[in-house]
Amino acid sequence: MKIVLFALNGSFSHSNLAIRCLRAPLERAGHEVVLLEHTLRDRSAHVLEHLYRERADVYGFSCYIWNLGEMLELSQALRRILPASRIVLGGPEVSYDTERFSGMDWIDTVVCCEGEEVFSEICRRFACGETVERTVKGKEAPLSGTGILYRDGEETGGIAYYESSRGCPYACAYCLSSCETGVRFKSTEETLRDLEAFEELRSDVRIIKFVDRTFNADRARANEIWRALQDPRFTKTYHFEICANLLDEESFEILSRFEKGKIQLELGLQSTNAETLSAVSRHADPARIIQAARRIRDMGNIHVHLDLIAGLPYEDYASFARSFDAAYGASDMLQVGFLKLLHGTALSKDKEAYGYRALPSPPYTVLENRWISYDELTRLSHVAEVLERYLESGRFAHALWYLTPYMSSPFGFWEGLTLYLAAHDARPLQRISQPDVFRYFLGYAKEALPMADETELLRLLRADFSAHEHKNPPAFLREA
């Protein structure tokens, strides 16, 4: 049988690991397998034509919150022009509350959770004319021996994804990882062999992102892998999502010895509100997370990313501002995300108790709850946009480093900048030119932080502009 595994990625720089997990088991079963990857920016007519021209017996659609709507439209259209082909949906977005798809008669089967072990069997039954259930529950698949899953010549956009463990030891109420129990690990030796394979086969890959939900869940194993990665034969940048509370002195010592830029760490803080963290079953010490992030950032060799989530239970607008202030300055990037009520999660099941109102379709973003209103979440979304343009972009690093000690409330500073921009320019932020973005920042900083030295601020803004822009600085930034 010919099987197409189809992914619709967020951008060209992304690639889909799930369809690569499914490929090898299908090939071992004797099937012809084709991987198709497009992005959300591609014209749907072009994507549909590409799918149609393969004329496969089975199409597997890899579904996530960011692409479900497009996947349903494409699969329905494909059924109309290839009525004999079988259509199977899989992925995290279709693994729970599958009754949502009961009226969609163009879908043959929905695979819930892990698909490596069951998808080959489904295709075998299709080939034999046997009946296949509308919903099939996946089985745990072995990680050992799977390798790096990417093959020479495949486009990666410079970023490859790698799974050295599956599952999470924690049960955060907003996360799909809480729906499954247990953690499975590849051995240290196999993981390092896989990473060596990236060096040998994938010269175009710059960053390897570990998709492990908590890479250092086994602390000794994590330390051993980090220690080995300091060998010069490992030349990539490695990105890990970790639990800061599991770092010990050995971990900090190992991390301090990496060359600059080789390691990126993502630490989930989410909130500093104790009642909030208890409500979502997140039993981590926020002060310890912030302290660890600051300690690693101060090493100067590792990029540290901290996350906050707006819309969690018991966190009102003022409480979120306090969480923001506590976290600010402890990392290279502070990202504000917005809670999504994902199907299957405990928080989604308890939404009425918390007074949640959310988007009825993907991405299911929370609109309000008992503690924070729609107006307040909208204000926070505007602050997050400004934060992304100024802080997360890294284009104002020198100026922000200088101004931070003058901020009595970092959240107040960014909230004020958001209001300043809205008052001075009616255009959406993404349409404001970079020179104007610098000009507004200078005007606001002079107004909000008059104690800062204007000459020094101008000098640092000039340095920021020159470091990132391929044009002469605007007149207000030029030296007299």
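How many residues line the second largest pocket, and which lie nearest its centre? Select Ser331, Asp332, Leu391, Ala397 and Trp401: of the 23 lining residues, these lie nearest the centre.

Before going on, note that this is a predicted model, in which local features need pLDDT of at least 70, side-chain atom pairs count only at pLDDT 80 or more, and totals for chains, interfaces and linings use all residues. Residues are numbered from 1 along each chain as its sequence is written, and side-chain values use heavy atoms, with hydrogens and water left out.

**Stop 1: the pocket**

A pocket here is an open set of points on a 1 Å grid over the protein atoms alone, where a 1.4 Å probe fits, with protein on both sides within 12 Å along at least five of seven lines; lining residues have an atom within 4 Å of a point. The volume of this one is about 620 Å³, taken as the space filled by probe spheres set on the points.

Now colour strand 14 (333–338), helix 12 (374–392), helix 13 (397–403) and helix 16 (454–468), the elements that each give two or more residues to the lining. Helix 13 provides the largest share, 4 residues. Helices (H or I, at least four residues) and strands (E, at least two) are DSSP runs, numbered from the N terminus.

**Stop 2: the cores**

Select Trp226 and Trp414. These two have the most contacts inside the largest nonpolar core, which has 109 residues. Helix 12 gives the most to this core, with 8 residues. A nonpolar core is a set of buried Ala, Val, Leu, Ile, Met, Phe, Trp, Tyr and Cys residues joined through side-chain atoms within 4.5 Å; buried means under 20% relative accessible area (1.4 Å probe, protein chains only).

Another core lies apart from it, with 28 residues, including Leu74, Leu82, Val94 and Phe101.

Go back to Trp226. Beyond four places in sequence, its contacts (heavy atoms within 4.5 Å) include Phe215, Phe240, Ile254 and Leu265.

**Stop 3: Ser319**

Move to helix 10 (residues 317–327), where Ser319 is found. Ser319 counts as buried because its relative accessibility is 4%. Show its side chain: a polar contact (N or O atoms within 3.5 Å, one able to donate a hydrogen and the other to accept it) joins it to the side chain of Asn273, at 3.0 Å.

**Stop 4: Asn67**

Finish in the loop between strand 3 (58–62) and helix 3 (68–81), at Asn67. Asn67 is buried, with a relative accessible area of 1%. A polar atom of its side chain lies 2.8 Å from the backbone nitrogen of Tyr64. Leaving aside neighbours within four places in sequence, Asn67 is in contact with Leu8, Leu40 and Ser62.

Notes. Buried means under 20% relative accessible area, exposed over 50%, partly exposed in between (1.4 Å probe, protein chains only).
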